[in-house]
Amino acid sequence: MHTALVDPCINFFLIVCFFAACYEWLMMSKKKKYHLFGYIFLFFSFYSAYALRNNFGDESLIIFMLIIIICISTDIGGYVFGNVFKGPKLIKISPKKTYSGMVGSFLMPVISIYVLIMNSKLLYNEYAEFTIELLFIILSISTISQIGDLLISYFKRLSKIKDTGKIIPGHGGLLDRIDGMLLVFPSVYIILKII
């Protein structure tokens, strides 16, 4: 019933985010050798997000939202666990990343999806199951999301900047927030196309 209303909103949101991400990439990578690569990657990433939301029938919204929830939970888990438990640093590319944060990045999306599954009756009027296959999907998406995070951190380091922008006060730019999703969307899209 709400599909016709939701699709244009999400698609418009994706377009706005695409141009904002391209602008941030322009600011951080101009005159660098990898400048053009970034635009190609961003285009394919946002196209994948669009395709996943619109081209997979009744499952499109579920796939799209599952990715967003897992990626956001991955970021939150890493941030919270990293700040609370601290501990050894994970990698030089991103100095704030810790092993405890990595554990949180895996644990939080599992908990988030489990809670949603346990309350699926409220959302879909039927119960869903938390299966081993779903656990594998969650951990796989979380892993790719963390790699995407490190990838953007690597380019920020090459560009000698701390944040990709200032669009979100206190949290940096848009690319800082969606870095994990940028790699997850095309990865999931390619896998589903192959399957």
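**View 1. Aromatic pairs across the predicted model.** A search of the whole structure finds 14 aromatic pairs. Rings of Phe, Tyr and Trp (its six-membered ring) pair if their centres lie within 6.5 Å; planes under 30 degrees apart count as stacked, over 60 as edge-to-face and the rest as tilted. This is a predicted model, in which local features need pLDDT of at least 70, side-chain atom pairs count only at pLDDT 80 or more, and totals for chains, interfaces and linings use all residues. Residues are numbered from 1 along each chain as its sequence is written, and side-chain values use heavy atoms, with hydrogens and water left out.

**View 2. Phe-18 and Phe-43.** The two ring centres are 6.4 Å apart and the planes meet at 75°, so this pair is edge-to-face. Phe-18 sits in helix α1 and Phe-43 in helix α2, 25 residues apart. Helices (H or I, at least four residues) are DSSP runs, numbered from the N terminus. Phe-18 is buried, at 18% relative accessible area. Phe-43 is exposed, at 54%. Buried means under 20% relative accessible area, exposed over 50%, partly exposed in between (1.4 Å probe, protein chains only).

**View 3. Tyr-34 and Phe-155.** Here the ring centres are 4.8 Å apart and the planes are at 50°, so the pair is tilted. Tyr-34 lies in the loop between α1 and α2, and Phe-155 in helix α6, so the pair ties together parts 121 residues apart in sequence. Tyr-34 is buried, with a relative accessible area of 13%. Phe-155 is buried too, at 9%.

**View 4. The largest nonpolar core.** This core has 40 residues. A nonpolar core is a set of buried Ala, Val, Leu, Ile, Met, Phe, Trp, Tyr and Cys residues joined through side-chain atoms within 4.5 Å. Leu-42, Phe-46, Ile-67, Leu-182 and Phe-185 have the most contacts inside it. Helices α1 (3-29), α2 (35-54), α3 (60-85), α4 (99-118), α6 (132-159) and α7 (174-194) each supply at least two residues. Helix α7 gives the most, with 10.

**View 5. Around Phe-46.** Leaving out residues up to four places away in sequence, Phe-46 touches Leu-14, Cys-17, Phe-18, Ala-21, Ile-178 and Leu-182. Contact means heavy atoms within 4.5 Å.

**View 6. Confidence along the chain.** The mean pLDDT (the predictor's confidence in each residue, from 0 to 100) is 88, and 92% of residues reach 70 or more. Over residues 1-5 the pLDDT is below 50. Beyond near neighbours in sequence, that stretch has 2 contacts in the model.
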